[in-house]
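Hello,

Here is the structure I said I would pass on. My notes on it follow below.

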Amino acid sequence: MNIDLHNIFVDYLQAFDSINRNKVTDSPNENNIPSKLIKLKALTLSGTSAMVKLNKELNRKFDVQTGVKQRDPLSATLLNIAMDSILKKMELRGNISTRLRQCTAYADDILITSRTTQAMIDTFVKLKNESLKYGLTVNVHKTKYLKCSRRQDQLKAMNI
């Protein structure tokens, strides 16, 4: 179709550790997940604590208030449900062939694709603001921009 595509590969700072647990437990309500599963999920996130082992000695126990459990098979699913809620609030129906912009996501990996620079900026700002409501902060040092074009003079890749 001979159109330029603007892509932003969004990276979050410690997404699994910083996501707001209340938002994670509220998100399934929007997705028609049975209340029994929501309660079970909330139980896995409530009352958690941790200890750090240093030189074979454990420090005092501390409570963990944010994030989902690392290496838990449910963690990616919980993050996916929260990201689905964020993306639904952005109202990005359709795909790049029929719309100016599109988001693709799995867990904490997000790709924003748009046909114009302004649509890309608007979508990125909206994603950034919605993500903050969930405790997720965009890592500006690892977030990357890529412009794809058929014209040789228009090809460029740069950091945001």
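Please keep in mind that this is a predicted model.

Lys-89 belongs to helix α4, which spans residues 73-89. With a relative accessible area of 34%, Lys-89 is partly exposed, because that class runs between the 20% limit for buried and the 50% limit for exposed. The side chain of Lys-89 makes a polar contact of 3.0 Å with the side chain of Tyr-134.

As for the rest of α4, the buried residues are Ser-75, Leu-78, Leu-79, Ile-81, Ala-82, Met-83, Ser-85, Ile-86 and Leu-87. Just beyond the end of α4, Glu-91 has a positive phi of about 55°.

The other site is Thr-143, in the loop that links α5 (117-133) to β8 (144-148). Is Thr-143 buried or exposed? Its relative accessibility is 0%, so Thr-143 counts as buried. The side chain of Thr-143 has polar atoms close to two backbone positions. A polar atom of this side chain lies 2.8 Å from the backbone oxygen of Asn-139, and the backbone nitrogen of Asp-11 is 3.2 Å from a polar atom of the Thr-143 side chain.

Regards

Notes. Residues numbered from 1 in each chain as written. Predicted model: local features only at pLDDT ≥ 70, side-chain atom pairs only at ≥ 80, totals over all residues. Heavy atoms only, no water. Buried < 20%, exposed > 50% of the residue type's maximum accessible area, 1.4 Å probe, protein only. Helix = DSSP H or I, 4+ residues; strand = E, 2+ residues; numbered from the N terminus. Polar contact = N/O pair within 3.5 Å; in protein donor to acceptor, adjacent residues only side chain to side chain.
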